[in-house]
Amino acid sequence: MKKRVISLLLACLMIFAVAGCSKSQSGKDNDSTPTVSKETEEKESKEPVTLNVWIMPNSGEPEKDFMDVIQPFLEENPNITVVPTVIDWGSAWTKVTTAATSGEAPDVTQLGTTWVAAVASMDALADLTPYYDEFGGAEAFLPATLPTTVIEGSDQRFAVPWFVDSRALYYRKDACEIAGVNPETDFATWDSFKEALKKLNGVEVDGKKMVALGMPGKNDWNVVHNFSWWIWGAGGDFVSDDLKTSTINSPEAFEGVKFYTELAIEGLMSMPSLEKNSAEIEALFNAGEFATIFSGGYFAKTIKDNAVKDPENSIVDKVGVAMIPEGPKGRHVFFGGSTLAVYKTTKHMDEAVKLIQFLTSKEAQIEYSKRHGNLPATKEAYEDPYIDQDPMLSVFKEQAKYGRAYPSIPGWAPSESLLQKGLSNVWDNVMGVNGPYDPERTKIELDAAAADATAVYQAN
Amino acid sequence: MKVEISREKVVSKKNKKTSRLIFEIRKNRFAYALVLPAFIAMLIIHFIPMVQGIYMSFLKLNQFTLNQFLKAPFVGLQNYYTVLFDKSSTLRSGFMDALRNTIIYALSVNILVLVIGMISALLVNRKFKFRGLARTLLLTPWVVPSYVVGMLWGFMWQQDTGIINRILVDWLHILPDKPFWLSGPNTLWAIIIPTVWRSTPFIMIMLLAGLQNIPEDYYEAAEIDGASSVQKFRHITLPLLRPIIAVNLLHGMITHIYSFNIVAMMFGHGAGFPGKWGDLLMTNINRNSFGIWQMGTGAAATIVVMIIVLSIVGIWYRVFREDLVVEE
């Protein structure tokens with residue numbers, strides 16, 4: 001009998017072990033009494049200070065690249081030591097939250113633009129509004145980056161734009177030439193873009209047949225981003241004006257989703273690519289599978305890097321960049337990227353501000369941009385020849401005025417995974433895995449996604 | 001008078017019992033001391049977070065109250081109501097899909113793993129050349145970390161370039177067109193098969209150990225009685241392996257109901273939504289708690305799953321009760 005009891009206990013323990021793991025949060029006690037040190041005294045500034053900084057793997061060698069960029073800052077401020085910690089995007093979400101709740105936070109952290117409102121709403125970030133003058137004032141930054149530094153409806157700035165992830169159209173010049181497409185004009189509007197895709201579809205370059213457009217579908221980080229300019233271009237938006245209801249199922253948004261997804265139905269977009277991720281799609285574009293793809297500024301860097309690594313197979317001279325096509329309700333360019341924020345718990349506010357001031361300087365913006373491939377956030381940096389004179393990046397500069405970010409509300413970041421789920425189901429419909437494609441089903445999926453997202457916005 | 005005596009008797013019996021217990025503890029003091037560190041570690045790593053988790057399930061713990069952690073507002077059973085009855089909760093949309101998928105997934109993985117594990121254990125239990133090599137090779141899938149399994153199979157299942165469609169369609173011509181494996185109902189296969197691939201070796205080695213414990217004489221005796229190999233398997237091997245099968249069945253059920261890694265990694269390396277036919281309870285709950293910062297409802301949902309699993313353990317215990325008694 002005793003043995004029986006033991007075996008049953010053992011069984012229970014096994015369950016608890018797994019259940020325990022699956023929901024164990026950092027079990028630290030809450031002692032996050034804010035110790036804002038705005039009034040850090042002057043004399044302290046010369047004492048040795050260690051700044052803990054969290055960054056994401058923005059570049060090839062994240063830690064080294066970051067330290068290289070801030071080298072001049074460290075030389076200028078010998079009393080400041082910067083200790084960077086690279087946290088993976090996948091776990092960053094949890095770590096940033098845990099830091100916000102446990103009080104054991106770094107001084108400065110990188111935050112995705114869509115996270116600022118959410119983390120700020122946890123009362124974890126220091127208000128940086130009083131320090132903006134140190135960064136050259138709000139007008140020093142691209143206008144489209146600024147909304148993501150606040151919680152919509154408030155004017156307190158909790159973050160400083162650091163770099164911009166923006167998307168544009170990459171096309172093969174040789175394919176356009178053979179197909180008779182003029183990249184200057186034919187990618188300008190939705191209709192001309194579609195016509196151009198029709199011409200480009202199946203075009204043979206170097207004995208290889210190309211598909212007009214290659215895009216990742218559902219298995220990707222960018223599912224929602226890749227829909228954004230189509231939804232905006234059709235006059236739709238993600239959230240209602242009162243910020244309480246998801247409008248991803250509005251007739252306009254539906255039009256945008258339909259236009260974009262039906263490119264695959266019409267055979268203009270590669271169907272198998274819809275289960276691949278962005279990195280795979282970019283690799284296939286490099287290998288000459290697609291005539292066009294939408295990608296970010298970083299892809300220009302990938303192409304240039306490949307040209308150095310493998311000059312024979314490089315496509316660097318064959319690729320051009322065009323602006324996002326203009327929809328019936330205007331041209332809207334996706335603007336994401338990252339910001340820098342300071343945790344409230346920091347004891348070195350002045351030094352943190354100094355570091356951010358350096359990181360938003362023209363020199364650091366360009367140097368870091370060269371390493372991670374994304375675009376700078378300050379206007380000044382766009383005047384640098386690195387952007388201005390570059391045939392690919394200058395297009396990003398040109399379209400920056402059409403930049404648009406997601407609504408900066410606390411509920412946005414949580415709702416994104418729900419929107420992604422809904423849009424993934426839309427792709428399932430397009431791929432015909434649950435029966436033939438039916439636009440009505442797209443509408444049903446968008447309704448469901450809107451209901452989910454609205455529940456999040458209203459709970460907040 | 002009688003009453004008095006019996007009361008005294010009871011008291012002395014009680015005293016006797018306690019003193020015996022103390023004596024037992026004293027006698028085994030050294031053993032207890034050795035177990036103590038592990039006990040404390042288990043307490044800290046498993047038990048305390050578990051109790052916290054249960055407590056969290058009664059709190060309104062979302063992105064605004066997260067910094068209060070355990071001091072977040074107490075809402076009683078509201079999270080459970082949200083999980084079980086609130087039709088508008090995000091957890092509910094897709095929960096039934098996830099539940100259905102988890103049931104199909106856990107059952108089929110368990111059955112397949114046991115059958116294939118048994119067959120391969122029987123095969124490598126025979127004497128043949130390169131037996132050691134065969135055993136090692138059969139064990140390799142088990143060495144691959146589960147998230148790597150998810151990523152690798154994610155590539156293999158791809159519709160156009162994946163090796164599986166190449167074999168099925170281009171080389172063997174079993175199917176007319178290349179199907180999508182990572183979308184639609186096929187997704188269930190796409191998650192079951194890699195899990196079976198990875199879990200079988202463990203079961204195989206457990207069964208193999210069991211097989212080697214069965215004395216040869218049983219089989220010899222059966223042979224003299226003229227038993228066929230099927231009869232030998234049914235009447236000797238299977239009954240003697242029952243305790244091992246029982247334990248592995250339970251372990252497998254628990255592991256696969258709580259399965260996460262393979263499914264999470266297979267769809268866009270952790271980025272994608274596994275879809276209506278690939279989403280499991282754990283991926284669903286993860287998305288709806290960590291993904292949207294609803295830790296309270298997430299904890300409640302996990303507790304609900306835990307209760308389901310506990311009742312499965314109860315059923316299991318009734319079925320295999322006899323096999324768990326070790327005869328002394």
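The contact between the chains takes 56 residues from chain A and 57 residues from chain B, two residues being in contact if their C-beta atoms, placed from the backbone, lie within 7 Å. On the side of chain A that touches chain B, at least two residues each are supplied by helix 1 (2-23), helix 4 (89-102), helix 5 (116-121), helix 17 (412-431) and helix 18 (439-459) of chain A. Helix 1 of chain A gives the largest share of that side, 15 residues. Helices (H or I, at least four residues) and strands (E, at least two) are DSSP runs, numbered from the N terminus.

The model is predicted: local features need pLDDT of at least 70, side-chain atom pairs count only at pLDDT 80 or more, and totals for chains, interfaces and linings use all residues. Residues are numbered from 1 along each chain as its sequence is written, and chains are lettered from A and ligands numbered from 1 in the order in which they are written.

In strand 1 (residues 49-55) of chain A, 5 of the 7 residues are buried, that is, 20 or more other C-beta atoms, placed from the backbone, lie within 10 Å of their own. Strand 1 of chain A pairs (at least two DSSP bridges) in the parallel sense with strand 2 (residues 80-86) of chain A over 7 bridges, and Asn52(A) stands opposite Val83(A) in strand 2 of chain A. Strand 1 of chain A also pairs in the parallel sense with strand 3 (residues 108-112) of chain A, over 2 bridges; here Trp54(A) stands opposite Thr109(A).

Key: A residue is buried if 20 or more other C-beta atoms lie within 10 Å of its own, exposed if 12 or fewer, and partly exposed in between; C-beta atoms are placed from the backbone.
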